[in-house]
Amino acid sequence: MVIVMKQNTPNEELEQLNTCLRQMGFQIHLSQGENFTILGLIGDTTRINEGRLRANPYIDRILRVQHPFKRVNRMFHPEDTVIDIAGHRIGGGSTLIIAGPCAVESEEQLMVIAQQVKASGAHLLRGGAFKPRTSPYSFQGLGVQGLELLQRAKELTGMPIVTECISVDSVGIVAEYADVIQIGARNMQNFALLKKVGQTNRVVLLKRGMSATIEELLMAAEYILAEGNEQVILCERGIRTYETYTRNTLDVSAIVAIKELSHLPIICDPSHAAGKWEMVTPLAKAAIAAGADGLMVEVHHQPEMALSDGNQSLKPERFEQLVAAVNQIVAVNKSLTD
Ligand code: PEP
Ligand code: MN
């Protein structure tokens, strides 16, 4: 249930209602935006007497929430969540571009790519140190050494770091190095991991599971917010369908749906969606045109030598063209909404 308060509600009145509802056993999610003050009630609201609540002259509207997700629900928080990552903003009209190799492979590889993506306009650097691979015989990532290289790349370029965490045990060490902790598609419903990253003060990038519905993605984000961490960025990275021509099928409609259903920012990863570098830029353009708040793109200076995902990695010069195209679409989007 959502209680929308009138704009002139005195603080004491708000406080009194808040206390009263807490005493009734509800958890309250208070959202005080520029235009709205909203109390989001979490708990069994069937026992609430709406008629009595309506007697409160400061209550404007009472709305029942149909969806099982609460804290991530736009009804609880009508304004977009804006997340600031070392001065780079995402959400509320700010577009964030994350780029870098699939995996951190060596110092030389990472420093070359980091400098190139920065020069092309990327804001954050990605790179996997712990890689979730389908085969146990494939390159598993450099582990902590990879995290140290990411730290050096950050010192060199000033770019904040996005890197994946694949186990509860490594949340602590990953959080020491990462500005943004990535939870990959394969772990989207690893609830113990979601809870653990929900207890950190790091931004979490939560990728959609390859067979997860939009609602399941939002419920996974709900786990993180329920632990107290409200800095969550969602990511559409393609889902598994009957189509095998592409690695996954980019669900552009999920971007539109999530913008409607949730206040959290949503980005697109066109690289894992396509699985082919030639398709990355067109999909990135489509996602931004549909309203995505950003992109995460795999870039490699020698894709044919890459230890993972070379076939879907853009060469730096192509990434530069992607950024230029995307910036034009962002400008068109702005001119259409102004
Ligand atoms: C990745 O971003 O490197 C990755 C493994 O992606 P996903 O979890 O979406 O497959
Ligand atoms: Mn990859």
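Visitor: What should I know before we start?

Guide: This is a predicted model, in which local features need pLDDT of at least 70, side-chain atom pairs count only at pLDDT 80 or more, and totals for chains, interfaces and linings use all residues. Residues are numbered from 1 along each chain as its sequence is written, chains are lettered from A and ligands numbered from 1 in the order in which they are written, and side-chain values use heavy atoms, with hydrogens and water left out.

Visitor: How far is an oxygen atom of ligand 1 from the side chain of Arg-126?

Guide: An oxygen atom of ligand 1 is 2.8 Å from an N or O atom in the side chain of Arg-126. For the side chain of Arg-186 the distance is 2.8 Å, and for that of Gln-182 it is 2.9 Å. The protein covers 97% of the 300 Å² of accessible area that ligand 1 has on its own. Those areas come from the Shrake-Rupley method with a 1.4 Å probe, and for residues only the protein chains shown count as cover.

Visitor: Which residues are buried in α11?

Guide: Pro-316, Phe-319, Leu-322, Val-323, Ala-325, Val-326, Ile-329 and Val-330 are buried in α11. Buried means under 20% relative accessible area, exposed over 50%, and partly exposed in between (1.4 Å probe, protein chains only). An α-helix has 3.6 residues a turn, so residues three or four places apart point the same way.

Visitor: What do the buried residues of α11 pack against?

Guide: They pack against β7 (96-100), α3 (107-120), α10 (277-289) and β14. Contact means heavy atoms within 4.5 Å.

Visitor: And what about α7, how many residues has it?

Guide: Helix α7 (residues 214-226) has 13 residues, and its reach of 18 Å from first C-alpha to last is close to the 18 Å expected. The buried residues of α7 pack against α6 (191-198), β11 (203-207), β12 (232-236) and α8. After α7 comes Gly-228, whose phi is positive, near 110 degrees.

Visitor: Is His-263 buried or exposed?

Guide: His-263 counts as buried, at 4% relative accessibility. You'll find His-263 in the loop between α8 (252-261) and β13 (266-268).

Visitor: What does the side chain of His-263 reach?

Guide: The side chain of His-263 reaches the backbone oxygen of Arg-71 at 2.7 Å. It also makes a polar contact with the side chain of Thr-81 (2.7 Å). A polar contact is a pair of N or O atoms within 3.5 Å; within protein, one must be able to donate a hydrogen and the other to accept it, and residues adjacent in sequence count only if both atoms are side-chain atoms.

Visitor: What does His-77 touch?

Guide: Not counting residues up to four places away in sequence, His-77 touches His-29, Ser-31 and His-263. The side chain of His-77 reaches the backbone oxygen of Glu-79 at 2.7 Å.

Visitor: Last one, backbone angles. What is phi of Ala-86?

Guide: Phi of Ala-86 is near 45 degrees, a positive value in a residue other than glycine. Most residues other than glycine have a negative phi. Ala-86 is exposed, with a relative accessible area of 66%. Asp-309 also has a positive phi, of about 55 degrees, but Asp-309 counts as buried at 15% relative accessibility.

Conventions. Helices (H or I, at least four residues) and strands (E, at least two) are DSSP runs, numbered from the N terminus. The expected span of a helix is 1.5 Å times one less than its number of residues.
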